[in-house]
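Please open the model in a viewer and keep the sequence panel beside it.

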Amino acid sequence: MKKLIRDMDIPILIITIVLLVFGLLNIVNASSQAVVIRFGTSLYNFFYKQAMYIFIGLVLSLFVVTRPLKKYPRYGFLAYIGCLFLLMWLLLRGESYQGSINWLKIGPVSFQPSEFAKPAMILFVAVLFEKLSKKLRSTRIDETTRWELIGIILFSGALYIGIVLLQKDLGTAIIMSGIFGIMFLTSPIRSQDKIKAIGLIGVLLLIIIVFLLSTKGSVLTASQSNRLTDYKNPCSKYEEGGYQICNGYIAINDGGLFGVGIGESKQISYIPESHTDSVFAIIAEELGLIPCTFIFIAYIILLYRIFKLGGKTKSIKGKYICYGVGSYIGIHIIVNLGGLFGLIPFTGVPLPFLTYGGSFIIALLVSLAMVQRVHIEYKRQKVL
């Protein structure tokens, strides 16, 4: 174990531990009103649940980080097929929750298959790039064969994204599209083929949009359309859906530079689900802008280390695992905070390490474990 830790990326490890602990402790405070008043349970209810989820994530991460990269193709295939089965089962048998079919309940356990699908897609696509990289770059292979290979890659990402869209989970579909898009743009596919593929995707999207407009009259649901139009001035439509973002503004503004103090949040009573999507607003209100700057710095260092590792590792699948995981974390940060600050429509996606949620924290820890495995093998090969 000592040798394993020694070969990990220590800055990534330290930031992961610090943000995990901070996020776990903050959940007690951010969920206090919701737990006591809304659910009528113990003050530490979400704390204990999140601690359990983190433990599960760490156990799975230990399994992932101790497995050599040469075994990842098998795991990638199994994870991809397993998540595909769960997504299809949810689509066919799941129940709608707040307009989306994204929660699967098996007995007393509820989880989001789409969260597990993100690292599964990253691993599967990274393995595909490694297996097909020579053929994708080769000038000896005829164009038909090359486009068949590109089609396999595009289909592997589009299948997940399409199912999630059918589940009406637009936020998750956007994130998965962003992850796959970045991996595709940095892939070993030739530049001219990437341009043609992007053009083809654009044409297909246009056809789908025209079809939806002609058959249903709209591409988005009513709630999704409202989010696109209401995010710029949420306080003017407070009672029509802008109350969450508006109260988030108030919380961040009240926090000022140094905050109102831990446990002194006033907006926690007005922000729904303050321990999930809008948790950063409570943190900003209680701690202030300057302490929150350290969270931004930690995020920047984390992403820098992941992308840097992706750029220097000799493993092709390791490279795209890093690019995929870095994109995964970065897009989550941008979408969550961008929505909270009113820069983009609020879609309610988790903020890495700080948001309460079992499926997301488990998927996040497993993703970081894959990155650490890439670093372990890079460091050991460098020593040899």
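Predicted model: local features only at pLDDT ≥ 70, side-chain atom pairs only at ≥ 80, totals over all residues.

Residues are numbered from 1 along each chain as its sequence is written, and side-chain values use heavy atoms, with hydrogens and water left out.

**The whole chain.** Display the chain as a cartoon: it has 15 helices and two strands. These are DSSP runs numbered from the N terminus (helices H or I, at least four residues; strands E, at least two). Of the 384 residues, 49% count as buried; buried means under 20% relative accessible area, exposed over 50%, and partly exposed in between (1.4 Å probe, protein chains only).

**The core.** Select Tyr-160, Ile-306, Ile-321, Ile-329 and Phe-353, the residues with the most contacts inside the largest nonpolar core, which has 100 residues. Helix α15 (residues 358-383) gives the largest share of this core, 14 residues. Such a core is a set of buried Ala, Val, Leu, Ile, Met, Phe, Trp, Tyr and Cys residues joined through side-chain atoms within 4.5 Å. Next, centre on Ile-321; beyond its neighbours within four places in sequence, its contacts include Leu-69, Tyr-72, Ile-122 and Met-370. Contact here means heavy atoms within 4.5 Å.

**The salt bridges.** How many salt bridges are counted? The count comes to ten, a salt bridge being a side-chain nitrogen of Lys or Arg within 4 Å of a carboxyl oxygen of Asp or Glu. Select Asp-9 and Arg-305, whose closest N and O atoms are 3.0 Å apart. Asp-9 lies in the loop between α1 (2-6) and α2 (10-30) and Arg-305 in helix α13, 296 residues apart. Asp-9 is buried, at 2% relative accessible area, whereas Arg-305 is partly exposed, at 22%.

Move to helix α6 (residues 113-137), where Lys-118 and Glu-115 lie three residues apart, about one turn of the helix. Their side chains meet in a salt bridge (3.0 Å, N to O). Lys-118 is buried at 0% relative accessibility, and Glu-115 is buried at 2%.

**The surface.** Finally, show Leu-257, Phe-258, Leu-289, Ile-290, Phe-294, Ile-297 and Ile-301, which make a nonpolar surface patch of about 700 Å². Patches are made of residues with over 30% relative accessible area and no salt bridge, with like charges joined within 9 Å and nonpolar side chains (Val, Leu, Ile, Met, Phe, Trp, Tyr) within 5 Å. Accessible areas come from the Shrake-Rupley method with a 1.4 Å probe; for residues, only the protein chains shown count as cover. Ile-301 lies in helix α13 (residues 289-312) and is partly exposed at 35% relative accessibility.
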